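Have the structure open as you read.

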Amino acid sequence: MTRSVALELAVQDPTGVRIAGAVGAVRVELAQALPLGGLTPSPATLDLSIDAARAVGVEVHVLVRPRAGGFTYSADEIAIAESDVRRAIEAGADGVVIGALDEEGLLDIPAMRRLRDAAGGASVTLHRAIDVTPDPVATLVAARDLGLRRVLTSGGASVAIDGIDTLRALVAEAAGEIEIMAGSGVDAASAPALVAAGVDALHFSAKRMVHEDGGVRMGSASDGVGGYEVTDLAIAQGVIAALSN
């Protein structure tokens, strides 16, 4: 069997949380709008997902990202994120997933400290903002110095398997003092190789697209009302099976 690692599912609702529990994931990253890279979930989504998680025994780590696009935020956006961090922890979340960069594309240390402190000692993960910084290894060092629990990273690539060399370098630099969680495009084909690279955890969404056709275009959707993504039990089971072979 492939070396054992922690599994985290990226989910958008209580159904996804229950699927995570069914396949043995230790935690979920709860978000909405996964096609945009994930945004802060709604309060109701948060509350009902935490209820579902308690029933199936998984942790809930809430993505706090106030908008789509890059990770350099205005003062108002940081204030929104800070409030969302506090609300997530007060609601019973086990941790938060955050990231903010400065104008040079480096980790915004003052903003990160502010968001970390708002979590009140709960687990804090640096999300894939690390992957758009000039030097992911240096960013990892900064995250470790901030006392963060883990980083979610693709090794600076669009999909994690293409960043495997950087992931190995991150594992070496981390030296067990901060967790390295590989994510982005993780599937049954790539999961075993990523585990073999030495990462502490795998993050995957096991999602499929549901398409709905409509006669009236809504927003920027090119196919009427557009489609949406859901967590798929069979896809998640396929990743687990690949790790067991």
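## How helix 4 begins and ends

Keep in mind that this is a predicted model. Let's begin where helix 4 starts: there, Asp108 points a side-chain oxygen to within 3.2 Å of the backbone nitrogen of Ala111. Past the other end of helix 4 comes Gly120, and its phi is positive, near 60°.

## The buried side of helix 4

Which residues of helix 4 are buried? Helix 4 spans residues 109–118, and its buried residues are Ala111, Met112, Leu115 and Ala118. They sit on the same side of helix 4 because they cover an arc of only 125° around the axis.

And what do these buried residues pack against? Their partners are helix 3 (75–91), strand 4 (95–98) and strand 5 (123–126).

## The barrel

Eight of them close into a barrel, in the order 1-2-3-4-5-6-7-8, with parallel pairing. On average, neighbouring strands of this sheet are turned by 25° against each other, direction ignored.

Strands 4 and 5 run parallel and are joined by four bridges. Ile98, for instance, has Leu126 in strand 5 as its bridge partner.

## Helices on the sheet

Helix 1 (residues 14–22) packs on the sheet, where it touches strand 1 (6–11) and strand 2 (27–30). The direction of helix 1 makes about 160° with that of strand 1.

Helix 8 (residues 233–244) packs on the sheet too, touching strand 1 and strand 8 (201–204). Here the angle between the directions of helix 8 and strand 8 is about 155°.

Terms used. Residues numbered from 1 in each chain as written. Predicted model: local features only at pLDDT ≥ 70, side-chain atom pairs only at ≥ 80, totals over all residues. Heavy atoms only, no water. Buried < 20%, exposed > 50% of the residue type's maximum accessible area, 1.4 Å probe, protein only. Helix = DSSP H or I, 4+ residues; strand = E, 2+ residues; numbered from the N terminus. Arc of directions from axis to C-beta. Contact = heavy atoms within 4.5 Å. Polar contact = N/O pair within 3.5 Å; in protein donor to acceptor, adjacent residues only side chain to side chain. Pairing = 2+ DSSP bridges. Axes fitted to C-alpha atoms, helices over the stretch in contact; angles between N-to-C directions.
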